[in-house]
Amino acid sequence: MSRSPTPTVLFVPGLRDHVDDHWQTHAQKKIPGARCVAPLEHDKLSRDARVEALQVALADIDGPVVLAAHSAGCMIVVQWAQKYRRADIIGALLAAPADVESPMPAGYPSVDQLAAAGWTPIPRRPLPFPSIVAASTNDPLCSFARAEDFARAWGSRLLDVGAVGHINPPAGFGPWAQGEDLIRELS
């Protein structure tokens, strides 16, 4: 009996790219062979550039993949799935999706800026792989009701992770053990 190869975990960060004390950064260091989509040097707000960066990262991986996305990274995964197919993506963790169709707090791009950069409308078709939307009940970037709507549209399992903000350093997160558990579950 042959054993399936261990999947590569590919982290898909949001618009702020790599943050040293972010749960994704901590998890990547702990998971053998994990990778992260490279940060953009140009067109940092461009949805198309971010989707292509994900495609480039995936093209460099042989074998099964688990995607672990955060914030706008969730939208990158959903947008990527509208354009590309890859049979060996075995699952995706979509943590704290950013609602790019609704106003965000100060310091984030406006709805108009995001629309001009191609982020809207948010696709509402089922994803072609299993997925978990891990959503906070008090995320300033996405209401729980919107996360619930996204999960339903994408065919994702919705997981209420409690009142934990945006699951990022300002919300008190460096390491996020529950996120690592969810990645293992998808693997």
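The following legends describe close-up views of a predicted model.

Residues are numbered from 1 along each chain as its sequence is written. Because the model is predicted, local features need pLDDT of at least 70 and side-chain atom pairs count only at pLDDT 80 or more, while totals for chains, interfaces and linings use all residues; side-chain values use heavy atoms, without hydrogens and water.

**Figure 1. Overall arrangement of the protein.** The protein has 6 helices and 6 strands, where helices (H or I, at least four residues) and strands (E, at least two) are DSSP runs numbered from the N terminus. From the N terminus on, the order of the elements is β-α-β-α-β-α-β-α-β-α-β-α. The radius of gyration is 15 Å, close to the 16 Å of the globule rule for 187 residues, so the protein is as compact as a globular protein of that length. This radius is taken over C-alpha atoms, and the rule is 2.2 Å times the number of residues to the power 0.38. Of the 187 residues, 52% are buried; buried means under 20% relative accessible area, exposed over 50%, and partly exposed in between (1.4 Å probe, protein chains only). Among contacts with a separation of 6 or more, 74% are between residues 24 or more positions apart, a contact being heavy atoms within 4.5 Å.

**Figure 2. The largest nonpolar core.** A nonpolar core is a set of buried Ala, Val, Leu, Ile, Met, Phe, Trp, Tyr and Cys residues joined through side-chain atoms within 4.5 Å. In the largest core, of 44 residues, those touching the most other members are Leu10, Leu54, Leu67, Trp80, Leu94, Phe129 and Trp154. At least two residues of this core come from each of β1, α2 (47-59), β3, α3 (72-83), β4, β5 (131-135) and α5 (144-154). The most, 8 residues, are given by α3.

Figure 3. Apart from neighbours within four places in sequence, Phe129 contacts Leu67, Val77, Trp80, Ala81, Ile89, Gly91 and Ala92. A second, separate core of 21 residues includes Phe11, Ala34, Ala134 and Ile167.

**Figure 4. Helix α1 and its cover.** Within α1 (residues 23-30), the residues Trp23, Gln24, Thr25 and Ala27 are buried. The cover over the buried residues of α1 includes the strands β1 (8-12), β3 (65-70) and β4 (89-95), together with helix α6 (177-186).

Figure 5. Most residues other than glycine have a negative phi, and most peptide bonds are trans. Asp43, in the loop between β2 (35-36) and α2, is not a glycine but has a positive phi of about 55 degrees. The residue Asp43 is exposed, with a relative accessible area of 56%. Ser71, in the loop between β3 and α3, has a positive phi of about 60 degrees. In contrast to Asp43, which is exposed, Ser71 is buried, at a relative accessible area of 9%. In the loop between α4 and β5 lies Pro121, joined to Thr120 by a cis peptide bond with omega of about 0 degrees.

**Figure 6. The loop position of Ser110.** Ser110 is placed in the loop between β4 and α4 (111-116). With a relative accessible area of 32%, Ser110 is partly exposed. Val100 is 10 residues from Ser110 along the chain, and their C-alpha atoms are separated by 8.6 Å.
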